[in-house]
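Hello,

Here is the structure I promised to pass on to you. Please have a look at it first, and then read my notes on what turned up.

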Amino acid sequence: MKTALVLSAGGMYGAYQAGAWKVLSETFRPDLVVGASIGALNGWAIAGGCPADELIERWLTLEPAAKYRFNVPRSLFGGVLDGGPLRAAIHEIHGSFQPGIEFALVVTDLLKLRPKMIPGAEVTAQHLVASTAIIGVFDQVRLDDGRVYSDGGLLSAVPIWAAAQLGAERIVVLNVLPEPPGIVAKAFVAAMRRVAPARPQHDPGIEIMTVMPEKLLGPVREMLYWTRPNAEAWIRRGEEDAAAFIREHAGRALA
């Protein structure tokens, strides 16, 4: 049975995924890792063999995401925040790891409003940047095919469909977004999904198990701006929820 680890979008809440992975990694090795947005970054590191403690340390030292300068958008596809420091950190992560197991990420074709899956062998640093390019916040990314791409979680925060397309029969999900963060985000996401073509679906027979906080980890601003106290708290929460998940599935091999 092919088992996948799927990591959701969620900005700085992604620290939760690092904590959850530390616990899961003691008993679980997926055959496939799929991520969208911040989940693509965490997933790239996990698929590349990044030790769980190192992934946590990276989250505890993510100072480039602590402060963003405001931008005047230079085009229709521009963002209001300067993502340069974060892009540099993403390039460093991409250069530090290469997937040792099957990996894929999701970006959103902005003009078609369709999600697109990129297999690991084709993933460049720019694909990782594109998958984290929150629309309206950061500059959208034009990739080598000439098209403009946006955040991979824009239309669906949890890319279960992508893992299913790659043959996963059982999926463990690390979802940091039990709901869209904030009224504005909820309304915007709902509007985008209404005008987008039908999103990819997955076989309802696929077994899906989820590690997820009971409620949002914090307000929208905290999702965008890193602080070490938040990262520490969310890592602990991820560890606690993953430990409860392991207890719930005690005696059962996940992979």
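Helices are DSSP runs of H or I with at least four residues, numbered from the N terminus. This is a predicted model, in which local features need pLDDT of at least 70 and side-chain atom pairs count only at pLDDT 80 or more, while totals for chains, interfaces and linings use all residues. Residues are numbered from 1 along each chain as its sequence is written, and side-chain values use heavy atoms, with hydrogens and water left out.

**Helix packing**

Two packed helices are described by the angle between their axes and the distance between the axes. Here the axes are lines fitted to C-alpha atoms over the stretch in contact, and angles run from 0 to 180 degrees between N-to-C directions.

Helix H1 (residues 15-24) packs with H3 at an angle of about 160°, and their axes are 9 Å apart. H1 is therefore roughly antiparallel to H3 (the word applies to angles over 145 degrees). In the contact, Ala 15, Ala 18, Gly 19, Trp 21 and Lys 22 of H1 meet Ala 52, Asp 53, Leu 55, Ile 56 and Trp 59 of H3. By class, this contact of H1 with H3 has seven nonpolar, one polar and two charged residues. For the classes, Ala, Val, Leu, Ile, Met, Phe, Trp, Tyr, Cys and Pro count as nonpolar, Asp, Glu, Lys and Arg as charged, and the others, Gly among them, as polar.

H3 also pairs with H9: their axes come within 9 Å and cross at roughly 150°. H3 and H9 are therefore roughly antiparallel to each other as well. From H3, Ile 56, Trp 59 and Leu 60 meet Arg 228, Ala 231, Glu 232, Ile 235 and Glu 239 of H9. This contact divides into five nonpolar, no polar and three charged residues.

**Cavities and a pocket**

Rolling a probe the size of a water molecule over the atoms shows where empty space is left. On a 1 Å grid over the protein atoms alone, a cavity is a set of points where a 1.4 Å probe fits but cannot get out, and a pocket is an open set with protein on both sides within 12 Å along at least five of seven lines; lining residues have an atom within 4 Å of a point. Grid points are joined across faces, edges and corners, and a volume is the space filled by probe spheres set on the points.

How many cavities of 30 Å³ or more does the structure hold? There are two. The largest cavity has a volume of about 120 Å³, and its lining includes Gly 11, Tyr 68, Phe 138 and Asp 151. That lining divides into eight nonpolar, three polar and one charged residue.

The second largest cavity holds about 30 Å³ of space. Among the residues that line the second largest cavity are Ala 15, Trp 59 and Ala 231. Helix H9 (residues 228-248) gives the most to this lining, with three residues.

The second largest pocket has about 230 Å³ of space. Of its 14 lining residues, Arg 58, Trp 59, Leu 62, Ala 89 and Ile 93 are the closest to the centre. H4 gives the most to the lining of this pocket, with five residues.

Best wishes

Conventions
Helix = DSSP H or I, 4+ residues; strand = E, 2+ residues; numbered from the N terminus. Parallel < 35°, antiparallel > 145°, perpendicular 65-115°, else oblique. Contact = heavy atoms within 4.5 Å.
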